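Here are my notes on the model, as numbered points.

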Amino acid sequence: MVATAPLVGQSVRRKEDPRLIAGQGRYLDDIHLPNTAHAALLRSPHGHARILSIDTSKARALPGVVAVYTGSDMKDTANPLPCAFTAGGVPNNLPPHRALAVDKARYVGDGIAVVVAEDEYIAHDALDLIEVEYEVLPAVVDVEKARAEGAPQLHEEAPGNLCMHWTAGNQEKADAAFAAADVVVKHRIHNQRLIANPMETRGALANYDPGTGELTLWCTSQNPHIHKLLLAAFVLGMPEHKVRVIAPEVGGGFGSKIFLYPDMVIVSWVARHLCRPVKFVETRSENYLATQQGRDHTQYVEVAAQRDGKVTGLRVRSLANLGAYLSTAGPGVPTTLFGRLVSGAYRIPAIWVEVEGVFTNTALVDAYRGAGRPEATFLIERMMDLLALELGMDPAEVRRKNFIPPDAFPYSPADLGLVPYDSGNYEPALDKALQLVDYRELRKQQDEGRKHGRLLGIGLSSYIEICGLAPSAWMQAQGWGAPLFESSQVRILATGKIIATTGSSSHGQGHETTFAQIVADQFGVGVDDVEIVHGDTQGAPFGLGTYGSRSLAVGGGAMLRSTEKIKQKLIAIGAHLLEVSPEDVEYADGAVSVKGAPGRGKAFGDLAMAAWLVSSLPPGMEAGLEAISYYDPPDCTFPFGTHICVVEVDPDTGKVKILRYVAVDDVGPVINPMIVDGQFHGGIAQGIGQALFEGAVYDDDGQLKTGSMMDYAVPKADDLPSYETARTVTPSPHSPFGAKGAGEAGTIASTPAVVNAVADALSHLGIHDLQMPLTPQCVWSAIQAAK
Amino acid sequence: MKHTVALRVNGKSYEHEVSPRLLLVHHLRETLGLTGTHIGCDTSQCGACTIVMNGLSVKSCTILAVQAEGAEILTVEGLAVNGVLHPLQQGFWEKHGLQCGFCTPGMLMAAYNLLNRNPNPSEDEIRHGLEGNLCRCTGYHNIVAAIRWAAEEMRTGAFAAAR
C-alpha cells in the first residue's frame, strides 16, 4: 500500500489517443452493417416556396433505388420535431417543424424528399430525377425586415414572424439611470451568424429489428439519451425501452450536434418501414445549409455612466434570428443564456433587456460554442471600450472600476433573475494579463508607432460566463423542458478493474482520460485500470450529455457520488475482514486500513475479490461493488478571466496580424492542465474566427452565399497565432473539486479582445464602428472612409 | 462500365473492379476497409482525406480511384511499423495534438510529407505547410508543437538511431 501522487491535477496523456492516431476511431461513417441502404435528401432550392406537387416516379424507377418518400408519406406517423427550450415566462409561438416539409419550404436546405438506394452514388443520382413544382414566394432573411409591416410571413402560427418577446431586468430603474447619467454611449452590434464546422459532418444510421421491435440509431450526438427520448416519445411514438441510441466516436460538435435533426427522424422512420439499416451522412455543403448555425443577433445597446467611469445603467434590445423553424433549444439561447448575462463582470445597478426571437427564411439557429454568452460578452466588453474612449479613460481602469468586488459573492446581477455567480476575483486576473503583456510598455510602443504610421492595437476582454449547466428547477423555470442532472454508474469488477459509465458524451474533450483520473484517485488504482464508458443508451442511466461546459462540474459530481457510495461499502467489507468496527478504519492509498496503522489494511484488489466471492462478506451484505448516482448541481459555475490581444493593422491592405494573444483564465482547480489548455486554444481560435474571418451570409432570396468551405473562412494554421495561457484559481464553493468548466470560455472571451484590439489600433483615426468579421476589406474600407 | 484498378496501400497489393467515378477516398474506405482516412468536406478544402501517394501528400477526395492505378499509397494505418508508432503519432500523443481526432489522420499524412521535404521546419513553415488541413478543435497550437517534437525526434532521437 504505497502512496502515489494523485492523478487529478496532472497532464496525463490521453487514453483516447492510441486509437485515434492510428486511424482506428470508429466514427459514424466508419460503421458498416450488412445490407445497409443509403439515404440522400432532396432539399429546397428556394428560400420560401409553396410545394405544389412532387413526382418521384422517375427516381423510383432508377435501378438501385429502393424507395422514395416525401413529407406526405411521413406526416401521419412522424410528429414534428419538438422545441424543448422555450423562452420562459412569456408566450412563445411554436410553429411545427416536420422532418420533411409538407406544405411549404421555408429555407434553402429544407428537406423535401428522401431517396433510399443501394449506394450513395445512386441515391444522389436519383435526387436529380425528382420533379417538384414550387410556387416561389418572397423570402426574408433580415430580422428587422422580417418584423416590419408587410414582410413575408413564414408561419401562420407566428404572426409578424415573431416567436417571442422576452424581457429581463427593471425598466423603470434603467430609464431613471439613463435620465440621470453624465454620459450615455450607444452602439448597434451585429453579432454575426456563424457555422460551427466540426470537422466531422453529421450523420445517422438506423437499424430496426422487426423480431424484437427494437430500433437502434447510431448518430453524431452530444447527448444520446436526449436523442433517444425525443425520437421515441415525441416524434416516432415508439416505446422508450425499445429505442437505443449510440453516439460512436464523434468528430467535434460545438453545440451543433445537440439537437434533434430531420435526418435522424427520417432514417429511423425509413428503417422501420424497410426493415433494413438506413444510413445518411451529410455532405459539408449540406452541413452548411441545414445543420444549425449560431449567433445572429442584431443588438441595440446603451450604457449610462458617471464621468468617473462608473457604469450606472445598461439597456439592451436584441433581435435574435431563429431561422425558419425552431431548433430543439432555439428560443432559450438568446434569452436565458444571453439576456441574463449582459452585465458581465461588472456591478451594474440598473439593467433592462428586451429580446425578440424572429423567424426568417434561413437555416435554424441554436447553440454554438458559448451559446448566448459570446453574444453577451461581446456586447458588454465592446461597450466598456467605447465608454473608455468616450471618457478618455484607460480601458483597463474602466473595467477595474466596475468589477464586482471579491467580497460580493455569491453575486446576483440586478433584477436579472440569474442563479448567483458562485465565486470570482476579477482584478488579479486582469493584473496578471496586464503584467504578461507588459501593458505600459505596449502603450508606449503604440504611441511611438503612431508617429510613424504604425497601427498597433491592444484589446482587452474581462469576461465572466455561466456554465456547469444547471440546477434543474431553475432551468425548468427558464423554459427548459427536461432536467439537467448528470448520471454515473460505477462498477468494480471481480479482478479490481473498474467500469465507470457517464451520461456525459465526449466528442473531443478527453473525458475517457479526465474521468479516469478522478475515479482512479478515488480508489487508489492506476488510470489504465479504469474504463470510462459513454455514448450508448443501452444499459446506461439517463444522462443529459455534453454542452454548456458541464461535464466535469456536473458529470464529475455524479461520478464522485458513485465512488463515495462504493467506498462506504469497501470500508464496511474491509472493517469486517480486519475484525474491527467501520468507525476505526479509513479508505486511503488504495486500501482500507485501521486509522493510525496504515500497515494493517486490506488492499482494494482483495476487497473487490471478497465482494465477488461473497463468502467472507459481513452477514446480510449483498455481492457486488457498484453504484448509480445522479447529481443535480445546486448552482451553475462562473469561470472568468482577462484576455489581451495585441494586433498590428496593415494600413495598405487592412490585414490584421495578431502579434500576441494572452489568456488569463480562472476555471477553478484543473483536473488535467494539458486538456484544459487545449480547450482554451481551440476556443480562442473559434473566437478569433468570428472576429476576423467568419460569417454566414444569405442573399435576399435566402440563398446561402457562403455555401462551402471555399467561401466560409474557417481559420487555417497560418491564420492563427500561438496562445499564451495562464491561470488564477478561485474555486467554486459548490462544485466537485471546485472546478468550473472550461470548454467555452476561450470562445466567449476572445472575440471582443480581438475586435477591441483592432478598434484600438484605429481609434485615433476616428474609426469606432467596426462590425465583424473584420476582414481586410472591412478594415481597409473603414480606413479609407475616415481619410 | 467498370475499370480494374491495381494499387499498393501500406505495402499490401490490391486489385479491384471499380466504377470510373469512384473517388479514391471511397475506394480506400469502402472497398479496402481502411476507414482511417476521413471525409470532411466536398470542395477539397479541409484535408481530412490527405494520404501520401507516390511520395506526395494528396487529397484523396479529389482523385478518382482509376487515377491511382499502379500507385504506391501510404495511409494513417501504415504509419506505425510492427506496432511501433511513427514519431509524428507519438508527438501528437505527447503534445495533445488532437481532440476529436477527425482531422488527425489527414494532419499526420500532411505533416509526414512536410517533414520529408523539410526536416527542420520553423513554426511559420509548419503553419504554412498545414494550410491545406483544417482543424476546428485544437486551434493548431499543439499540432505545431507535436510536429516540432516529431521533427526533433526524427533528427536526433531513437527514430534516427534506428535508421
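1. In the hairpin of β1(B) and β2(B), N10(B) takes a positive phi near 55 degrees, and the hairpin has two residues between its strands. Strand β1 covers residues 3–9 of chain B and strand β2 residues 12–18, and the two pair in the antiparallel sense over seven bridges. Strands count as paired if DSSP finds at least two bridges between them. The residue opposite T4(B) is E17(B) in β2(B). Helices (H or I, at least four residues) and strands (E, at least two) are DSSP runs, numbered from the N terminus.

2. The model is a predicted one, in which local features need pLDDT of at least 70, side-chain atom pairs count only at pLDDT 80 or more, and totals for chains, interfaces and linings use all residues. Residues are numbered from 1 along each chain as its sequence is written, while chains are lettered from A and ligands numbered from 1 in the order in which they are written.

3. β1(B) also pairs with strand β5 (residues 72–74) of chain B; these two run parallel and are joined by two bridges. Here R8(B) has E72(B) of β5(B) as its bridge partner.

4. Chain B is assigned domain 1 (3–78) and domain 2 (87–162). The bounds come from an automatic or database domain assignment. Between the C-alpha centres of the two domains lie 22 Å. Their contact takes 15 residues from domain 1 of chain B and twelve residues from domain 2 of chain B. Residues are in contact if their C-beta atoms, placed from the backbone, lie within 7 Å. On the domain 1 side, β3 (50–53) and β4 (56–59) of chain B are the elements that give two or more residues. β3(B) has the largest share of that side, three residues. That side of domain 1 of chain B divides into seven nonpolar, eight polar and no charged residues. In this classing, Ala, Val, Leu, Ile, Met, Phe, Trp, Tyr, Cys and Pro count as nonpolar, Asp, Glu, Lys and Arg as charged, and the others, Gly among them, as polar.

5. Axes are lines fitted to C-alpha atoms, for helices over the stretch in contact, and angles run from 0 to 180 degrees between N-to-C directions. Residues making the contact include F680(A), I684(A) and I688(A) of α18(A) and A749(A), V754(A) and V755(A) of α19(A). By class, the contact has nine nonpolar, ten polar and no charged residues.

6. Chain A is assigned domain 1 (17–23 + 485–631) and domain 2 (419–467 + 636–787). Their centres, taken over C-alpha atoms, are separated by 40 Å. The contact takes 14 residues from domain 1 of chain A and 13 residues from domain 2 of chain A. α15 (511–523) and α16 (551–578) of chain A each supply at least two residues of the domain 1 side. α16(A) gives the most, with five residues. The domain 1 side has four nonpolar, nine polar and one charged residues.

7. α16(A) packs against helix α17 (residues 604–613) of chain A at an angle of about 90 degrees, with the axes 10 Å apart. The two helices are therefore roughly perpendicular to each other. L570(A), I573(A), G574(A) and L577(A) of α16(A) meet L607(A), A610(A) and A611(A) of α17(A). This contact has six nonpolar, one polar and no charged residues.

8. One further sheet in chain A is open, with three strands in the order β4-β2-β6 and antiparallel pairing. β4 (104–105) and β6 (131–136) of chain A stand at the edges, each with a single partner strand, so one side of each is left without a neighbour in the sheet. Strand β2 (residues 49–55) of chain A pairs with β4(A) over two bridges, and A49(A) has A105(A) of β4(A) as its bridge partner.

Key
Contact = placed C-beta atoms within 7 Å. Parallel < 35°, antiparallel > 145°, perpendicular 65-115°, else oblique.
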